[in-house]
Amino acid sequence: MPNKLSLSAYLLWAMSVLAAAASDDVRIAVYWGQDAREGSLRDACSTGLYAYVNIGFLSTFGDGRAPILDLADHCDPPSGGCAYLATDIASCQSTGIKVLLSIGGGTLGGYNLSSPSDAQGVAAYIWDNFLGGTSTGTGTGTGAPRPLGDAVLDGVDFDIEAPSRYYDDLARNLASLYRGDARGRTYMLTAAPQCPFPDASLAVALGTGLFDHVWVQFYNNPPCQYAHGDAGALRSAWQQWTTSLPSATVFLGLPASPEPDAADGGFVDADTLASQVLPAVEGAPNYGGIMLWSRSYDKDTGFSVKLQGILQNRNSDKKRRIYIIVGAAVAGVLLLFLLICACFLCHKKYRGTPPPEGSEAPPAPKIEPPQ
């Protein structure tokens with residue numbers, strides 16, 4: 001009989017291939033919080049376009065500074081005016097979207113770490129005010145406990161654009177606090193380095209291997225961004241990043257609007273991204289998706305809506321081909337199984353059947369030994 005376990009394993013493999021073929025969407029991470037025109041956090045999540053939302057930014061911290069969360073015109077954290085976001089965050093999380101606090105950002109000069117102990121203090125502040133700890137509104141805090149109300153975010157994103165030391169210490173301290181969560185909740189570390197490799201601000205931190213997702217900014221950096229129909233520099237940098245971060249999933253970070261709106265360069269329109277760029281990056285075993293700056297620009301241009309639609313159309317033919325190929329393979333295996341079963345039953349039936357009467361072979365003649 002054929003090996004039933006092997007047949008079951010084959011059928012499970014076929015079903016997994018079909019399930020993978022049915023997935024058309026690309027996972028998108030997006031930044032939210034720097035433009036009131038982008039709408040509410042709840043609205044951003046309700047679009048169903050994003051898998052990760054980075055709330056930005058904790059733009060002031062370290063070196064003795066009182067941490068400051070800057071959410072532009074959305075609300076005023078020091079006065080407690082952002083506590084209402086807890087319900088929006090819970091709404092996002094209820095649909096499986098991961099919501100993270102992004103630290104740093106483009107406001108240079110407002111943040112840096114001065115020592116390992118400074119990194120430890122910043123980690124404790126973030127843990128107590130945004131993650132699994134409990135804020136008292138004292139110490140290094142601003143006096144307003146938990147700026148986002150009782151929300152418990154899913155992790156911390158490092159968008160560090162000012163070269164500084166000790167971010168590896170910050171990552172280790174946060175990871176240690178994550179492991180000690182009394183409720184057994186899991187948290188993530190993510191990062192948004194610039195595409196020139198290695199990143200001047202985060203190379204040492206990324207070397208710890210503690211980061212789950214890394215959305216590399218392939219914009220504002222001519223040496224490694226897409227430009228004028230040429231994706232060669234981007235592909236080369238992408239290979240460096242994906243091979244150097246085997247333990248993390250790597251996302252292709254792009255602006256959601258043509259320059260000079262969202263960035264000074266690196267924009268790739270949705271059609272070109274789907275037809276020329278993604279096929280060159282999706283082959284990396286740790287490819288994760290794309291990151292967009294930002295929700296405001298994405299809302300204005302409809303970039304992610306266009307991209308998801310293009311990818312669904314692109315993948316429909318691929319899905320049909322996979323269904324046909326896998327279906328034919330399964331049918332072939334089942335047919336082979338039936339043939340083997342038939343042969344086995346026939347062999348079993350006739351193997352024990354006595355020969356017909358009179359069909360016995362005559363006995364061999366007796367040979368006498370020589371005298």
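Begin by selecting helix α4, whose buried residues pack against β2 (52-60), β3 (68-69), β4 (98-105), β5 (155-160) and α5 (167-179). Please keep in mind throughout that the model on display is predicted.

**Helix α4**

Helix α4 covers residues 116-130. Its 15 residues reach 21 Å from the first C-alpha to the last, close to the 21 Å expected at 1.5 Å a residue. Colour its buried residues next: Asp118, Ala119, Val122, Ala123, Tyr125, Ile126, Trp127, Asn129 and Phe130. As a guide to reading such a list, an α-helix has 3.6 residues a turn, so residues three or four places apart point the same way.

**From strand β5 to a loop**

Select Phe158 and Phe211, which form an edge-to-face aromatic pair with 5.2 Å from centre to centre and 90° between the planes. Phe158 lies in strand β5 and Phe211 in the loop between α6 and β7, so the pair ties together parts that are 53 residues apart in sequence. Phe158 and Phe211 are both buried.

**Helix α7 and strand β9**

Now select Trp238 and Tyr287, another edge-to-face aromatic pair, with 6.1 Å between centres and 65° between the planes. Trp238 belongs to helix α7 and Tyr287 to strand β9 (residues 287-293), so that distant parts of the chain, 49 residues apart, are linked by the pair. Both Trp238 and Tyr287 are buried.

Across the whole structure, a search finds 17 aromatic pairs. To see rings joined into a cluster, select Tyr31, Phe57 and Trp293, which are linked by ring pairs.

Move to Val250 in strand β8 (residues 249-255). Is this residue, Val250, buried or exposed? Val250 is buried, with a relative accessible area of 0%. Leaving aside residues up to four places away in sequence, Val250 touches Val214, Val216, Trp238, Trp241, Thr242, Leu245, Asn286, Tyr287, Gly288 and Gly289. The C-alpha atoms of Val250 and Tyr287 are separated by 5.2 Å, although the two residues are 37 residues apart along the chain.

**The disulfides**

Finally, display the cysteine side chains. A disulfide is a covalent bond between the sulfur atoms of two cysteines. How many disulfides are there? The count comes to three.

- Select Cys45 and Cys92, whose sulfur atoms are 2.0 Å apart in a disulfide. This pair links distant parts of the chain, with Cys45 in helix α2 (residues 41-46) and Cys92 in helix α3 (residues 85-94), 47 residues apart. The torsion about the S-S bond is about 95°, so the disulfide is right-handed. Cys45 and Cys92 are both buried.
- Select Cys75 and Cys82, a disulfide with its sulfur atoms 1.9 Å apart. The link is right-handed, with 105° about the S-S bond. Cys75 is buried at a relative accessible area of 13%, and Cys82 is buried at 0%.
- Select Cys195 and Cys224, joined by a disulfide with an S to S distance of 1.9 Å. Cys195 is in the loop between β6 (188-191) and α6 (203-206), whereas Cys224 is in the loop between β7 (213-217) and α7 (232-244), 29 residues apart. The torsion about the S-S bond is about 75°, so this disulfide is right-handed.

With bonded cysteines counted along the chain, the disulfides follow the pattern 1-4, 2-3, 5-6.

Notes:
Residues are numbered from 1 along each chain as its sequence is written. This is a predicted model: local features need pLDDT of at least 70, side-chain atom pairs count only at pLDDT 80 or more; totals for chains, interfaces and linings use all residues. Side-chain values use heavy atoms; hydrogens and water are left out. A disulfide is a pair of cysteine sulfur atoms within 2.5 Å. Helices (H or I, at least four residues) and strands (E, at least two) are DSSP runs, numbered from the N terminus. Buried means under 20% relative accessible area, exposed over 50%, partly exposed in between (1.4 Å probe, protein chains only). The expected span of a helix is 1.5 Å times one less than its number of residues. Contact means heavy atoms within 4.5 Å. Rings of Phe, Tyr and Trp (its six-membered ring) pair if their centres lie within 6.5 Å; planes under 30 degrees apart count as stacked, over 60 as edge-to-face and the rest as tilted.
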